[in-house]
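Keep the viewer open as you read.

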Amino acid sequence: MFFLYSYLLLLNFKFSSFPNLTTLDLSSNAPFGTIPTHIANLSQITSLIFSNNTLSEEIPREIGLLTNLVSLVISQNWLNGSIPSTVGNLTKLHDLGLWDNQLNGSIPPEIGNLTSRSGLSFGRYNLSGTIPASLGNLSDLTTLYLFKNQLSSSIPPKIGNLKPLKTLVLYNNILSGSISASLGNLSNLTTLYLYENQLSGLIPLEIGNLKSLVDLELAINNLSGTIPASLGNLSNLTTLYLSENQLSGSIPPEIGNLKSLVELELSNNNISGALPPSLGNLSNLTTLYLFENQLSGSIPPEIRNLASIGNLSDLTTLYLWENQLPGSIPPEIRNFKYLVDLELSNNSLSGTIPASLGQLPRKIRSLSELNHLDISSNNLSGPLPKEVGICSKLLYLDLSNNGFNGSIPSQIGDLISLGILLDLSHNALTGGIPSEIGSLRNLENLHLSHNMLSGHIPFSFEEMKSLLSIDVSYNQLEGYIPTNKAFQNLSFDSFKNNKDLCGNVSVLQACDSSDTSKSNAMDKHKGVN
């Protein structure tokens, strides 16, 4: 075994002086320049490790003369050019590491001669061309990483011959064609990543044979047809990503058999029909993305009621926006005690916001973890419940484009974590703007336009130093405009169609002393009460 701890030009290294050397480790020692052709003099070498250096230019073809090599690791360098086909001569090779270089060209079919290999990693290259069918000869392979390249054409059906394979990672390429049904033969597979390609056609029914599968990710392709019911056989599955495809039909009720499922993402497809009640069986689910589909029908009681006895109670993310869901927001949603993100916008929901959205049941703080709530663009009506102020971790609150009426509850001012957005625009809210909103010192965007709000803008808004944008247009406001930066930089569109606003803003008339005094007096009066 030979280790070297110094900077050197590898071209000057006298390999011929070590004819019996079996291990050469120059990792993390900064050798630079090219790998010289006379490296072939190391005829007895079994382990060659040059990782994490600054080697450059091409891998020499002569590397294929080192036929005793068991381990060849030259990852994390600046090597470029193609992988020499002579690597296929290294039939004793178990460990081949070439990642994090600047290699390009195609994968040589001769790699299929390396039948002793248990793992193959060509991730994060600029490799192009097709996946060689000869990889199907690597009968001992347990891991195959070909991600983040420019590989094209279809996945060879012979990949289905790799019966010991546990991990198949082909994401972020330009692979096309259909997913071969032969992948259903990989009975030991636990991880299948085919996302971010251009795969088309149906999801093969045979995928349901992969009983060991834990992680299935087919998102961001052009897959069509229905979600096969056979996926319900994958009892060990924890992650299922099928989003951003062209899938249609309904969600098969068999998905409810996936009791181990933690993340389910079916968003951005053409899925229709009602939510199957069997989704209420997914007791370990934390993330549910169903947005941007054509789902209809109300949220089934099997989902909302089962939350109260534990099922779905671990849910942290629920995205259902841009569907066609009717009916009311069920009060049982309060039982999702770990919910962080709730998106129900752009549906056909009606009725009022349940007061239970912010209530505190005896044993849990209902929705106390919620930081993102968007129920905009529905048909919701009635007053805003004061209990919403209990959702103290909210960063983003969007209730716009509904039919809410009545006054803005002063408890909105208790949402002291609000930082990204408070949007109550395009409703039928009346009364004054509560001065308590001025307590939201971290708020950046405040939208109150297109309501029937009256009175003045509270003087407390002067303290909202983080405010970047505000829109109070199309109301019945009057009086003094605060002088903080957010107001001074606004255009006329943010103020227009009010009763009589004034202030030191170029698009408004200046206030006289009585306007300012009146505004201050009204704020002080509210403070006393």
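A residue is called buried under 20% relative accessible area, exposed over 50% and partly exposed in between, using a 1.4 Å probe on protein chains only. Before we use that, some housekeeping: this is a predicted model, so local features need pLDDT of at least 70 and side-chain atom pairs count only at pLDDT 80 or more, while totals for chains, interfaces and linings use all residues. Residues are numbered from 1 along each chain as its sequence is written, and side-chain values use heavy atoms, with hydrogens and water left out.

Start with serine 243. With a relative accessible area of 7%, serine 243 is buried. You'll find it in the loop between β20 (239-241) and β21 (246-249); strands here are DSSP runs of E with at least two residues, numbered from the N terminus. Skipping residues up to four places away in sequence, serine 243 touches Ala219, Ile220, Glu265, Leu266, Ser267 and Asn269, where contact means heavy atoms within 4.5 Å.

Now for the nonpolar cores, meaning sets of buried Ala, Val, Leu, Ile, Met, Phe, Trp, Tyr and Cys residues joined through side-chain atoms within 4.5 Å. The largest one has 136 residues, and Leu96 is among those with the most contacts inside it, along with Phe50, Phe122 and Leu240. Another core, of seven residues, lies apart from it and includes Phe147, Val169, Tyr193 and Ala219.

Next, some strand pairing, which takes at least two DSSP bridges between two strands. Strand β3 (residues 32-33) pairs with β5 (residues 54-57) in the parallel sense over two bridges, with phenylalanine 32 opposite threonine 54. β5 also runs parallel to β7 (residues 78-81), again joined by two bridges; here serine 56 has tryptophan 78 as its bridge partner.

Finally, the rings. Those of Phe, Tyr and Trp (its six-membered ring) pair if their centres lie within 6.5 Å; planes under 30 degrees apart count as stacked, over 60 as edge-to-face and the rest as tilted. That rule gives 13 aromatic pairs. In one of them, tyrosine 171 and tyrosine 193 sit edge-to-face, 6.2 Å centre to centre with 65° between the planes. Tyrosine 171 is in the loop between β14 (167-169) and β15 (174-177) and tyrosine 193 in β16 (residues 191-193), so the pair ties together parts 22 residues apart in sequence.

Key: Helices (H or I, at least four residues) and strands (E, at least two) are DSSP runs, numbered from the N terminus.
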